[in-house]
Amino acid sequence: MHPPSRPLRSAYLVLALLACAALRAAAPPPRPHVLFIAVDDLKPTLGAYGDRIARTPHLDRLAARGLLFENAYCNQAVCAASRNTLLVGSRSTTLGIYNLATNFRRAVPDAVTLPQYFMRHGYRAEGMGKVFHVGHGNTGDAASWSVPFLPDLVIDYALPASTDGGQLTREAALFANSPGVRAAQLPRGAAWENADLPDTAYADSRIADAAIASLRRAQAKPAEPLFLAVGFVRPHLPFSVPKKYWDLYDRAALPLATRRTPPDGAPAYAGKTLGEISNYTPFPDTPPLTEEVERTTIHGYYASVSYMDAQLGRVLDELDRLALAARTIIVLWSDHGWHLGDHGMWTKHTNYEQANHIPLIIVAPGVTRPGTRTAAMVETVDLYPTLAALAALPAPQVPQTLDGRSLVPVLRDPAASVKNHIVHVFPRNAPARGGELLGRAVRTARHRLVEWKKIGAAPETADLELYDYLTDPLETKNLAATQPEVVAQLRALLAQHPEPRPVVR
């Protein structure tokens, strides 16, 4: 038998090459990685959100890559409950968890968390820093990760003087008046550190290092999609960051709050003053604060945001260096906002705008357009179905109730909207009103209504707050008594949602 002629051999070679090309064309593209970035206590004090003082170049360049949400809100302005709502996809009112201490699995033992859902569809889920809230009696969730989670310090000091050599403790009255949480002795120290130290002295640098190592492993295993949760801890107290970030700001130019008293006509129990921040020296247990303390606190907050921003920049740089960006969905969110003296309030833990308005940025290759913005109303429970849809996973069928809606229509068209309002809550103990009340809020593009009553009580027993952000963006006056038509419209929106679940203890 004679070997094939040269022309025939060439034909075979061409056919083989065509067959290989066809196989390559038929192979599905690699599934996207997900870079899921949580930032603790971050309000929209970012250049991309119009803050002219903030020095946040890396957050700003992330926003320039994708879609910035101007009207994003958490579902409750406290760490554990807020993170539960996003990671489980259920509002606090669905879970019945409104505090720091209760783990979400007390409410839904077989819940499938967001990283778990990705794991069930072939993803490797890794996490570091602060993603679930750990502490105050609460724990992490080992079932949500393919490998052990890498925690780091939230209360982080480099200088022994900041804790009197480790001896300082103060009574933690934080949330002592909320359901299921009792005061405890927690080690605390200075509210800030301003020392000439390298970035590596503090947790967010270590968290960035761990994220970079995870990205490198992912680059070495291109067939394995990665869900990488990176939980940065600044600007959570204490404001312990290197001096060079403090030096970015002129303290005298930092703005002090203009409205320093609660809204006129608001229920006395609806607000707060110091709370959590009183656990740190030099803060007193009750107001007032000196102007020097106020300015240093605001200075420390901005410096902490800039330090976290620099660590985020390192992670984004590595994502680009490894040529993974084109394959990676990025979402950056905060668990809640932060009061910086407005209404005489500090930290979070209210139903007011500064505590609930959060930054949210999504970069989805092939879906979002660079440098776009949207005014669509969104809430953190929307991220669970959104990320599942972006990764082309099946529509989630999970044991818990998913309260959110996919934001993919908004990602494709920033002028679109998937809802006309969002809801959030916060509890209060009001002895004069008979004990534990839940403030359930509905926020539209213009208004916020807060309905305060006992869970399950009749609507007519409620105290109401109404604010108009078109005419009164600083929430100076409760308008509920003078605008009954608006109250009725907003209560009709609130009535679309089930009565909150009683407290799970």
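Phe283 counts as buried, at 2% relative accessibility (buried means under 20% relative accessible area, exposed over 50%, and partly exposed in between, with a 1.4 Å probe and protein chains only). This is a predicted model, in which local features need pLDDT of at least 70 and side-chain atom pairs count only at pLDDT 80 or more, while totals for chains, interfaces and linings use all residues. Residues are numbered from 1 along each chain as its sequence is written, and side-chain values use heavy atoms, with hydrogens and water left out.

The structure holds 17 aromatic pairs. Rings of Phe, Tyr and Trp (its six-membered ring) pair if their centres lie within 6.5 Å; planes under 30 degrees apart count as stacked, over 60 as edge-to-face and the rest as tilted. Trp192 and Phe283 have ring centres 6.0 Å apart and planes at 75°, so this pair is edge-to-face. Trp192 belongs to strand E7 (residues 192-195) and Phe283 to the loop between helix H7 (243-246) and helix H8 (291-321), so the pair ties together parts 91 residues apart in sequence.

## A link between two helices

Tyr245 and Tyr307 also form an edge-to-face aromatic pair, with 5.4 Å centre to centre and 70° between the planes. Since Tyr245 lies in helix H7 and Tyr307 in helix H8, the pair ties together parts that are 62 residues apart in sequence. Are these two tyrosines buried or exposed? Tyr245 is buried, with a relative accessible area of 8%, and Tyr307 is buried too, at 0%.

## A cluster and a charge over a ring

One aromatic cluster is formed by Phe36, Phe118, Tyr123, Phe227 and Trp333.

Elsewhere, look for Arg443, which lies over the face of Tyr469, at 4.1 Å from the ring centre. A charge sits over a ring if NZ of Lys or CZ of Arg is within 6 Å of the ring centre and within 35 degrees of the ring normal.

## The whole protein

The protein has 12 helices and 19 strands; these are DSSP runs numbered from the N terminus, with helices (H or I) of at least four residues and strands (E) of at least two. Of its 505 residues, 58% count as buried.

Along the principal axes, the C-alpha atoms fill a box of roughly 105 × 55 × 40 Å. Residues 24 or more positions apart account for 74% of the contacts with a separation of 6 or more, where contact means heavy atoms within 4.5 Å.
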